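Morning, everyone. Let me put the model up, and then we'll walk through its charged pairs, its metal sites and its core.

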Amino acid sequence: MTTKRVDIGFLEEKCNWLLHPRFFPSKVGGKPAWLDLKNVPDFAKLTCKKCEEPLIFLCQVYAPFEESDDCFHRTIFIFVCQKGSCCKTNSADNFIILRCQLPRKNDYYSFEPYEENENECFPMDKWAKLCNVCGIKAPSHCSKCKKVYYCSRQHQILDWQKGHKSICPDLQKKCDPYWNNFNVTEAGQSLLFKEWELIVDEEDEEEVTAVDPNQEMEKLRKMIEEKKVGTLGNVSEGELEQYTSPLPEDKLYNKFSKRIARHPGQVLRYDKGGAPLWITENIGNIKSIPNCQYCNGDRQFEFQIMPQLLNFIHVGIELNSIDWGVLAIYTCKGSCNDGPAYKEEFIIKQDLINVTV
Ligand SMILES: [Zn+2]
Ligand SMILES: [Zn+2]
Ligand SMILES: [Zn+2]
Ligand SMILES: [Zn+2]
């Protein structure tokens, strides 16, 4: 039996400017590289349903639909609340998924690909004011210099504390628009996830030899074991005994481990129309997939984010940090054009521990 090929994603360090929207990147962390530059979502759209703080950009996957002219450019964005306390087992309420697409001929980008020129003038401000800290739409500005914008009071305060206070007087004197609003500011560095390029390539059937797969798997296993503690951080020891560990006889977990052992560093599996590689047999939380709320058409599985990503964004293994086993993203099968420029799509978060109480 042959296994269907899927694409897998790895992370590499890359200069911030090369991840700019005009290069249509897939990326993790930093600010979102928006596709439609005018109809960028704001704080009201990107608010955590639980704590009401702004969600933070996690990653984006550039995934055009070749068969559709409307989807010559197409990107899926994932936002998450950074608070561990908003992260609940097998619940994706702390996430928002957005889909955006553009035809090749559009208002924002040239018809032909851009050359990799750092100094190319590309004023994103022309289309929308973006938060100096997190990069989402920003309705208010610094009342002193009127040069930088903020999505929310929280981010304005953070930026003031983390350096804007000292540069604001200089900006007040400048009359030219100064801001490259894709840079990550000091406040951004303290808040946003570490920025990486996400490189997507075909999964190789060959076993990897460059890194020792056993060692990499051991790292992952250890991480998962430790994350268990994080997931159950608020639970007493007595309650803990009611939870069953899926290790080691969980068949799906074993399949999951075997499949990723070929490329242990993978953070993404892209398999449009395929099926997710679940991390555990405990699939009680997996509900039916709702139809697209814009065209009422079916949704299909498009890609999944792997738990390995947590290591790269330095969420680490602290107690009560955000966590996931698998993030499975489902999108409108026809990738419809109905609704807003940034359309909400569906996510399932499967954790390794299935809390049954
Ligand atoms: Zn929250
Ligand atoms: Zn912001
Ligand atoms: Zn200012
Ligand atoms: Zn649709």
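Start with lysine 173 and aspartate 170. Their side chains meet in a salt bridge, 3.5 Å from N to O. Keep in mind that this is a predicted model. Both residues sit in helix H1, which runs over residues 153-173. They are three residues apart, about one turn of the helix. Buried or exposed, what is lysine 173? It counts as exposed, because its relative accessibility is 67% and the cut-off for exposed is over 50%. Aspartate 170 has 46%, so it counts as partly exposed.

Now compare the setting of another pair. Arginine 259 and glutamate 203 also form a salt bridge through their side chains, with 2.7 Å from N to O. Arginine 259 belongs to helix H5, residues 251-261. Glutamate 203 is in the loop between strand S8 (196-202) and helix H3 (213-231). So this pair ties together parts that are 56 residues apart in sequence. Both arginine 259 and glutamate 203 are buried.

One more pair. Arginine 99 meets glutamate 345 in a salt bridge, at 2.5 Å from N to O. Where do the partners lie? Arginine 99 is in strand S5, and glutamate 345 is in strand S12, residues 343-350. Arginine 99 has a relative accessible area of 0%, so it is buried. Glutamate 345 is buried too, at 6%. In total, the structure holds 15 salt bridges.

On to the metals. Take the zinc ion, ligand 1. Which protein atoms are its donors? They are the SG atoms of Cys48, Cys51, Cys81 and Cys86, lying 2.3 to 2.4 Å from the zinc ion. The angles at this zinc ion run from 105 to 114 degrees, which makes the arrangement tetrahedral. Along the chain, the donors follow the spacing C-x2-C-x29-C-x4-C. Cysteine 48 lies in the loop between strand S2 (27-28) and strand S3 (56-62). Cysteine 86 lies in the loop between strand S4 (73-80) and S5. So these two tie together parts that are 38 residues apart in sequence. Both cysteine 48 and cysteine 86 are buried.

Next, the zinc ion that is ligand 4. Cys292, Cys295, Cys332 and Cys336 coordinate it through SG, at 2.3 to 2.4 Å. Here the four donor atoms subtend angles of 100 to 116 degrees, so this site is tetrahedral. The spacing is C-x2-C-x36-C-x3-C. Cysteine 292 counts as buried, at 1% relative accessibility. Cysteine 295 has 31%, so it counts as partly exposed.

Last, the core. The largest nonpolar core has 77 residues, and Trp34, Leu58 and Trp324 touch the most other members. Strand S5, residues 95-102, gives the largest share of this core, with six residues. Look at leucine 58. Setting aside neighbours within four places in sequence, its contacts include Val28, Ile78, Val80, Phe95, Phe193, Leu309, Trp324 and Leu327. There is also a second, separate core of 14 residues. Among its members are Ile279, Met306, Val326 and Ile348.

That's the tour. Over to you.

How values were computed:
Residues numbered from 1 in each chain as written. Chains lettered and ligands numbered in written order. Predicted model: local features only at pLDDT ≥ 70, side-chain atom pairs only at ≥ 80, totals over all residues. Heavy atoms only, no water. Core = buried A, V, L, I, M, F, W, Y, C linked by side-chain atoms within 4.5 Å. Buried < 20%, exposed > 50% of the residue type's maximum accessible area, 1.4 Å probe, protein only. Helix = DSSP H or I, 4+ residues; strand = E, 2+ residues; numbered from the N terminus. Contact = heavy atoms within 4.5 Å. Salt bridge = Lys/Arg side-chain N within 4 Å of Asp/Glu carboxyl O. Donors = N, O, S within 2.8 Å, 3.2 Å for Na, K, Ca; no water. Tetrahedral: all angles 85-135°; square planar, octahedral: opposite > 155°, others 65-115°.
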